[in-house]
Amino acid sequence: MSDDEPVRDLTSALRFLQVAVARQREDHERVDATLEALMAALIEAGVITDEAIDDHLMVASRTARQRRPEELSVRLWSGDDKYAIPDPGIDCEARMHLCQGRCCSFDFPLSEQDLDEGQVRWRHHQPYMIAQREDGYCVHNDPATRGCGVYAHRPGTCRQYSCRTDKRVWIDFEARIPAPLDVRPRLIEIRRPAKKPTP
Ligand code: SF4
Ligand code: SF4
């Protein structure tokens, strides 16, 4: 990782947050205005009372909270000191030609320890999930050797992972029969700016 990479990461994260906040504010203003108009019209027409609206709002807010999309959540790995995690004892080098290092295509969040160190990159649009390339692998995974570019600082999830019983990796671990490779490109979803209502 070059010296200015953390600064670039932070700048991108800040820009993402600013754009996300601006879009959310526009969305909220539009929904607010629509609701206000609708409620005023219903009360005026004698269809509903203020109190009945409050009751419905309470139920609707609860449902909305339960439906909050995953990508709006911040995820962090809550394990202890990653440097204290015992090595699961798998000879990755001897198996790499079979497994293609596919464990480095699995999705997971970083920990506060990782964030403090600033060595491992995360997805700015989905904090603090490991940053991945479009080929589905972690950005720190070398596509030629499948080695880890941040090995000394790799996250706790990578340190504790054992593929021994993972059917995504091995049909038979002992016999060294790999499962079919299923690494799919992950496309980053970029939202279009919301259309403003016609005045
Ligand atoms: S899939 Fe297993 S053998 Fe292959 S790199 Fe990952 S931990 Fe090592
Ligand atoms: S940090 Fe290293 S070990 Fe962990 S997923 Fe990325 S390349 Fe693999």
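Visitor: Where is Arg 176 in this thing?
Guide: Arg 176 lies in the loop between strand 1 (170-172) and strand 2 (177-178), and since this is a predicted model, what follows describes computed geometry. Its phi is near 60°, a positive value in a residue other than glycine.

Visitor: Which loop has Arg 146, then?
Guide: Arg 146 is placed in the loop between helix 4 and helix 5, and although it is not a glycine, it has a positive phi of about 70°. Arg 146 counts as buried because its relative accessibility is 15%, and buried means under 20%.

Visitor: What about the peptide bond from Pro 127 to Tyr 128?
Guide: That bond is cis, with omega near -5°, and Tyr 128 sits in the loop between helix 4 (112-117) and helix 5 (156-160).

Visitor: Switching topic, what surrounds ligand 1?
Guide: Around ligand 1 are Ile 90, Cys 92, Arg 95, Met 96, Cys 99, Gly 101, Cys 103, Cys 163 and Val 169, a shell that divides into 7 nonpolar residues, 1 polar and 1 charged. The space that ligand 1 takes is the second largest pocket.

Visitor: How many residues are in helix 1?
Guide: Helix 1 (residues 5-44) has 40 residues, and from its first C-alpha to its last it reaches 58 Å, close to the 58 Å expected at 1.5 Å a residue.

Visitor: Which of the helix 1 residues are buried?
Guide: Those are Glu 5, Asp 9, Ala 13 and Asp 27, while Gly 46, which follows helix 1, has a positive phi near 75°.

Note on methods
Residues numbered from 1 in each chain as written. Chains lettered and ligands numbered in written order. Predicted model: local features only at pLDDT ≥ 70, side-chain atom pairs only at ≥ 80, totals over all residues. Heavy atoms only, no water. Near = heavy atom within 4 Å. 1 Å grid on protein atoms, 1.4 Å probe; cavity = no way out; pocket = protein on both sides within 12 Å on 5 of 7 lines; lining within 4 Å. Sits in = over half its atoms within 2 Å of the grid points. Nonpolar A, V, L, I, M, F, W, Y, C, P; charged D, E, K, R; others polar. Helix = DSSP H or I, 4+ residues; strand = E, 2+ residues; numbered from the N terminus. Expected span 1.5 Å × (residues − 1). Buried < 20%, exposed > 50% of the residue type's maximum accessible area, 1.4 Å probe, protein only.
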